[in-house]
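I opened this notebook to keep track of what I looked up, entry by entry. The sequence and the structure come before the entries.

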Amino acid sequence: MASSVDPRFGVALREFRERRGLSLRSLGQLAHRSKSHLHELEGGLKAPTVDTARHLDRILDAGGVLARLVDAPIDHAAEAGELRARVAASDVSNDMLERIEQGVDDLASSYPTMAPADLLPLVRRHLSYVVRLLDGRVTLAQQRRLLVAGGWLAVLRATVHIDLRQRNAAAAHLRAARDLAEHAEHPEIQAWCLETRAWDVLTQGDYRSALDLSQQAQRVAPQGSSARIQATAQEARAWARIGDVAATRRTLDRVERLAANLPVPERAEHHYRYDPAKAAAYTATTLAWAGDPGAEQVARAVLTDLDPHGDGGARPRRSASARLDLGLALVAAGQPDEAVALGAQAVASGRVVPSNWWRAAELLAKVEDLGVPEAAMFRELCVEYAPSRRSTADSTPG
């Protein structure tokens, strides 16, 4: 008499058949069974008899695996009990999980102000701790919280590697972040992975890929999420680099609409929480890259807000970027002398991260082409402060 259908039987039958390189028709000819019968066995649509299982074991040289699956029916009560135990058993306290999640937020909030080389070991250590906990005894709910924390940390780590121009390491950790997000069913982290890739290829000059990735991120990101707004802003930057001013303007208008009713986040410096106050800075950067005449006014306002006293302000990295943005806007507006002075201030601050260095290089090339006398001094500063080959090589350990 046939036993109840064990889904493992069909899986095992298919694996042994494919291992032998046999089609369903070929196996049917060897076993004297119809192709449709074998298809039903593999799909779990029909229960095999013990004799059929033993016969297929011999044909496929399966070592009795198939017959044992028929002889030993599933102990559903035992499997259900194991699942209930898994749900209830844990070596991880709720307090521990809350500390991990707080640590993730702390690191993401440190990103705008801490040097990438200093932030990286902190992110690595926190991520290693999460991985160790995932290897332990956790409930299903706790596992998901750990997967989410790991996903945020992995995408942050990839971002830091991009800032250090360690692109092989960045790609590896973006893949890990994507996998963790998929397991946790967390579309916002998935969207941030795509947005981060868009930023990376944008800084490498692949503007069309950046456009495609930022649009993919918008499709994946939840409605109203920071990831969707940031991915839209990234699309605007891609259009700017392509040179389509009209598309740039349209996309910036979409960013403004998306962020119109967004409250200021509790931690405004959190890298993964869109702060409406940053909108002007994004607009200045984007318009400057597009060569839009309106870039100068916006860029000046942003720099005044970030650095009112000329000492770098509370966000010196962002102030350095704002100076480069204003410099590019001034070149386009026919004011290269002031552009050189701003570029020199940005570079000499030591706050231009490696992934943003191309902006300084672009400004240098433009003022040199215009024959600005101070361009020689600016070049000397760029040579002095340029990221070293040793600190930015792809071979740097991840």
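Entry 1: The model is a predicted one, in which local features need pLDDT of at least 70 and side-chain atom pairs count only at pLDDT 80 or more, while totals for chains, interfaces and linings use all residues. Residues are numbered from 1 along each chain as its sequence is written, and side-chain values use heavy atoms, with hydrogens and water left out.

**Entry 2: salt bridges.** I then looked up how D325 and R359 are joined, and found that they form a salt bridge whose closest N and O atoms are 2.5 Å apart (a side-chain nitrogen of Lys or Arg within 4 Å of a carboxyl oxygen of Asp or Glu). The pair links distant parts of the chain, with D325 in helix α17 and R359 in helix α19 (residues 357–369), 34 residues apart. For the helices I kept to DSSP runs numbered from the N terminus (H or I, at least four residues; strands would be E, at least two).

How many salt bridges does a search of the whole structure find? I noted 18 for the whole structure.

R300 and E338 form one of these, with the closest N and O atoms 2.9 Å apart. R300 lies in helix α16 (residues 295–306) and E338 in helix α18 (residues 336–348), so this pair ties together parts that are 38 residues apart in sequence. R300 counts as partly exposed at 29% relative accessibility, and E338 likewise counts as partly exposed, at 31%.

I also looked up R323 and D307, which form a salt bridge with their closest N and O atoms 2.7 Å apart. R323 sits in helix α17 (residues 316–332) and D307 in the loop between α16 and α17, so far as sequence goes 16 residues apart. R323 and D307 are both buried. Elsewhere, R14, R17 and E42 are linked in a network of salt bridges.

**Entry 3: helix α7.** Helix α7 (residues 94–110) has 17 residues, and I noted that it reaches 24 Å from its first C-alpha to its last, close to the 24 Å expected at 1.5 Å a residue (the expected span being 1.5 Å times one less than the number of residues). The buried residues of α7 are M96, L97, I100, G103, V104, D105, L107, A108 and S109. Which helices do the buried residues of α7 pack against? They pack against α8 (116–134) and α9 (140–163), where contact is heavy atoms within 4.5 Å.

**Entry 4: the cavity.** I looked for cavities on a 1 Å grid over the protein atoms alone, a cavity being a set of points where a 1.4 Å probe fits but cannot get out, and lining residues having an atom within 4 Å of a point. Grid points are joined across faces, edges and corners, and a volume is the space filled by probe spheres set on the points. The count comes to one cavity of 30 Å³ or more, and about 780 Å³ of space lies in the largest cavity. Of the 39 residues that line the largest cavity, the closest to its centre are Y111, R237, H271, Y282 and N356.

The helices α9, α11 (187–203), α13 (226–242), α15 (279–290), α16 and α17 each supply at least two residues of this lining, and the largest share, seven residues, comes from α17. By class, I recorded 16 nonpolar, 11 polar and 12 charged residues in the lining (Ala, Val, Leu, Ile, Met, Phe, Trp, Tyr, Cys and Pro count as nonpolar, Asp, Glu, Lys and Arg as charged, and the others, Gly among them, as polar).

**Entry 5: single residues.** T196 has its place in helix α11 and is buried, with a relative accessible area of 4%. Leaving aside neighbours within four places in sequence, T196 is in contact with V155, T159, I162 and L174.

D275 lies in the loop between α14 (245–259) and α15 and counts as buried at 5% relative accessibility. Not counting residues up to four places away in sequence, D275 touches V264, P265 and A268.

Definitions and conventions: Buried means under 20% relative accessible area, exposed over 50%, partly exposed in between (1.4 Å probe, protein chains only). On a 1 Å grid over the protein atoms alone, a cavity is a set of points where a 1.4 Å probe fits but cannot get out, and a pocket is an open set with protein on both sides within 12 Å along at least five of seven lines; lining residues have an atom within 4 Å of a point.
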